[in-house]
Amino acid sequence: MELANIEKLLIKYENAETTLEEEALLKKYFLSDTVAPHLKEYQPIFEYFKASNNETFTNKINFKTKTRNFTWLPVAASVALLVSMYLGSTKFNEYQQRKAATKTLAEITEALKMVSSNLKKGHQAFNKLYVYEDSVYKIFKK
Amino acid sequence: MNQSDFLKVVLPFKDKVFRLAKRFLVSTEEAEDATQELIFKLWKNKDKLANYRNIEAFAMTMTKNYCYDRLKSKQASNLKLIHSNYKEKETSLDKKLEYMDSVRKVHLLIENLPDQQKLIIQLRDIEQYDFEEICSMLQMKPTAVRVSLSRARKTIREQLTKQHNYGVS
């Protein structure tokens, strides 16, 4: 492309009046090796535009960012509920058992106390008997 | 719309979204996060997408808004400056160095433009959208877009010439 044309396009370019096609022409010209010396200063601009257009987004697109997956929540909740129910019932049973045990223990101790007090009575009676027997023995021996 | 349909819609412009995000958020990681976030937002609203005439333009508008929001938030206030390496053509070494330098300078010059001009330069000169599309993306009038673009182009070129002539940066 002839120089005069390029110069005209450059003026239009700076006034933002060029079309995309004209800008493509300019780009092509400045990226070639035949840039006129007095236009060299434009070269880095177009070089830069071209270079910046090469950057790409290479990360994998993630569709799950920052959304919590709630499908497992009900499952976890029901499991927690079941476990707590199980634990609660075992605890309750244990408590009931302990209560029953203390009650029976109390009953047994009561009964044993009665037995022992009765036995004591019997023992005292025996003691009297011994005293009686001793005295009888003494009398008959003498 | 299932995932593969959605990807067919999104894939053609995901790089453009990424580049626009990178222009504003500077670091690659930030731009990747932004792109991911944006695509995910589109995916969540996939049922409403059919109502939009031009999904790509809509996505670019969303990207722009997202970037402005990010820049406003405190979280992004300490973004790192990272310069990418640009490939250059075969020339002799010192010329090459000088040349690479000016290509990098263009990056800095664009960086220093006002947000709107930066945005328009990105959309027009890098992504090559036509004026109508840019107008619909930015909800701006064509004349306003042209004025802004012209200012941006002139600023870049003038700054380059200045630096070239005086050798000061």
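Trainee: Which residues does Ala21(B) touch, not counting residues up to four places away in sequence?

Mentor: In this predicted model, Ala21(B) touches Ala31(B), Ala34(B), Thr35(B), Thr63(B) and Cys67(B).

Trainee: Which residues have the most contacts inside the largest nonpolar core?

Mentor: Ala21(B) and Ala34(B) are among them, along with Ile45(A), Val17(B), Leu38(B), Val106(B) and Ile120(B). The core has 42 residues.

Trainee: Which helix gives the largest share of this core?

Mentor: Helix H1 of chain B, residues 3-25, with seven residues.

Trainee: And how many residues does the core draw from each domain of chain B?

Mentor: At least three from each of domain 1 (3-78) and domain 2 (93-166).

Trainee: Switching to helix pairs. At what angle do H5(B) and H6(B) cross?

Mentor: Roughly 140°, and their axes come within 10 Å. H5(B) covers residues 115-126 and H6(B) covers 131-138. The crossing is right-handed.

Trainee: Which residues make that contact?

Mentor: From H5(B), Leu119(B), Ile120(B), Leu123(B) and Arg124(B); from H6(B), Ile134(B), Met137(B) and Leu138(B). Six of the contact residues are nonpolar, one is charged and none is polar.

Trainee: Now the two chains. How many residues does each put into the contact?

Mentor: Chain B puts in 34 residues and chain A 23.

Trainee: Which helix supplies the largest share on the chain B side?

Mentor: H7(B), with ten residues. H1, H2, H4, H5 and H7 of chain B each supply at least two.

Trainee: What does that side look like by class?

Mentor: On the side of chain B that touches chain A, there are twelve nonpolar, nine polar and 13 charged residues.

Key
Residues are numbered from 1 along each chain as its sequence is written. Chains are lettered from A and ligands numbered from 1 in the order in which they are written. This is a predicted model: local features need pLDDT of at least 70, side-chain atom pairs count only at pLDDT 80 or more; totals for chains, interfaces and linings use all residues. A nonpolar core is a set of buried Ala, Val, Leu, Ile, Met, Phe, Trp, Tyr and Cys residues joined through C-beta atoms within 7 Å. A residue is buried if 20 or more other C-beta atoms lie within 10 Å of its own, exposed if 12 or fewer, and partly exposed in between; C-beta atoms are placed from the backbone. Helices (H or I, at least four residues) and strands (E, at least two) are DSSP runs, numbered from the N terminus. Domain bounds come from an automatic or database domain assignment. Two residues are in contact if their C-beta atoms, placed from the backbone, lie within 7 Å. Axes are lines fitted to C-alpha atoms, for helices over the stretch in contact, and angles run from 0 to 180 degrees between N-to-C directions. A crossing is left-handed if the near helix is turned anticlockwise from the far one by less than a right angle, and right-handed if clockwise. Ala, Val, Leu, Ile, Met, Phe, Trp, Tyr, Cys and Pro count as nonpolar, Asp, Glu, Lys and Arg as charged, and the others, Gly among them, as polar.
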